[in-house]
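Dear colleague,

Here is the structure I said I would pass on. My notes on what was found follow below it.

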Amino acid sequence: MKYLLSAFAFTASVLAGCSGLKAYSDTSVKNLNVHTRTDSGSFLSSTRASLDIYGVNNTCQTAYQGTVILDKETRTIGLPAERPSYLVFRFESSSFLANSSGATNYDTLFTPLPGRHYDVDVRYIDGIYSVTILERITGDRKAYRIAPVELKDC
Amino acid sequence: MQYRIILATVLTSGLFAGCAINHPQTAAEFRAAAPGATFGKKESFVVDRQFDDVARTFGEQAPKCLEMRVKMTESGHMHHHVVVTKYTPTVWVSDDSAELHLQFEHEQGVMAVSEMPENGYYLMVADASRLADNKTQIDMYRPSMGYDTIVRAVKGWATGDNIGCPDLTK
């Protein structure tokens, strides 16, 4: 999985109001529970998590669908079943004293199946981040871990 | 930010190798140089975890978490400095030992002043060795300052306590 990480001094260069982000519009069936925990590790800095969602067509081209700000402990999202989505979890950190900010991404292709629910555990604790996707069949207490899939493997 | 750019410049300029002009060209040379280097150290510990699990975690997490490019920008009133760094991890596993090598090269913003090995200068080498009683010996050859998140992440992969990825912008 290739990532491109960017760090920018001076917050304005990153958090420009014309960033082009739009709120993601859910599908009717909400099948993804995103549980988020962030802790920058310092009171002089903060970390914000968000999820960019892209649709993926049959030639593996992506189309931006919208962003969900992961500012609540749990967010419930609807993704189209049986169609691949490209999920980009973004962790943006900013330091108050240094007047700087940086961002790192975790991305994966993901195709929800009908009749199943998914729990996503998103963590950024003091510079260490992880994203874990668990699949649950409705009515079944077992959960199965979904391995990340790179976009190039589409 | 500025600190990371300065540190990256220092590491590239040869000071990591004990103020010598030449950088280690192999993992073996890096192991020999790091403990006595100005900004290097060796750290050894034993984890209460089977070697096979440690080796598997190195193999799974290193390419996922460390094979990256990091772009760092610092700008002010009259300056704008961009550094692009490519990190390349390599994991070698044999029956009783595993090695995680992390190398880096600056693709933009920092000039290389000494011969660079294939895949970049060595930043860290972590060796895992099988011990009795389901324990594993870990020997890390690493920078003594900076890169704290990478060091903590690799320790987490060894202990199994925290299997996450380091934020390389930190």
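Beyond its neighbours within four places in sequence, B:Phe58 contacts B:Val91, B:Ala98, B:Leu100, B:Ala128 and B:Trp157. B:Phe58 is also one of the buried residues of H3(B).

Helix H3 of chain B covers residues 51–66, which is 16 residues. From first C-alpha to last, H3(B) reaches 21 Å, close to the 22 Å expected at 1.5 Å a residue.

Helix H4 of chain B covers residues 148–159. Its 12 residues should span 16 Å at 1.5 Å a residue, and the end C-alpha atoms are 16 Å apart, so the two values agree. Buried in H4(B) are B:Thr149, B:Ile150, B:Ala153, B:Val154, B:Trp157 and B:Ala158. Just after H4(B), B:Gly160 has a positive phi of about 80°.

How do the two helices pack, and at what angle? The axes of H3(B) and H4(B) are 8 Å apart, at an angle of about 145°. The crossing of H3(B) past H4(B) is right-handed. On the H3(B) side, the residues that meet the other helix are B:Val54, B:Thr57, B:Phe58, B:Gln61 and B:Cys65. On the H4(B) side they are B:Ala153, B:Trp157 and B:Ala158.

**Chain B as a whole**

Chain B has four helices and seven strands, in the order α-α-β-α-β-β-β-β-β-α-β along the sequence. Of its 170 residues, 41% are buried. Among contacts in chain B with a separation of 6 or more, 58% are between residues 24 or more positions apart.

One loop residue is worth a note. B:Val110 sits between strand S4 (97–108) and strand S5 (121–130) of chain B. The C-alpha atom of B:Val110 is 9.7 Å from that of B:His81, 29 residues apart along the chain.

**Chain A**

Chain A has zero helices and 10 strands, so its pattern from the N terminus is β-β-β-β-β-β-β-β-β-β. Buried residues account for 27% of the 154 residues in chain A. Of the contacts in chain A with a separation of 6 or more, 64% involve residues 24 or more positions apart.

**Confidence**

The model has an ipTM of 0.78 and a pTM of 0.81. Mean pLDDT is 87 for chain B, with 86% of residues scoring at least 70. For chain A the mean is 85, and 85% of the residues reach 70 or more. Over residues 1–17 of chain A, pLDDT stays under 50, and the model has 43 contacts beyond four places in sequence for that stretch. Where pLDDT is low, the predicted coordinates should not be read in detail.

Regards

Methods: Residues numbered from 1 in each chain as written. Chains lettered and ligands numbered in written order. Predicted model: local features only at pLDDT ≥ 70, side-chain atom pairs only at ≥ 80, totals over all residues. Buried ≥ 20, exposed ≤ 12 C-beta atoms within 10 Å, placed from the backbone. Contact = placed C-beta atoms within 7 Å. Expected span 1.5 Å × (residues − 1). pLDDT = per-residue confidence, 0-100. Axes fitted to C-alpha atoms, helices over the stretch in contact; angles between N-to-C directions. Left-handed = near helix turned anticlockwise from the far one by under 90°.
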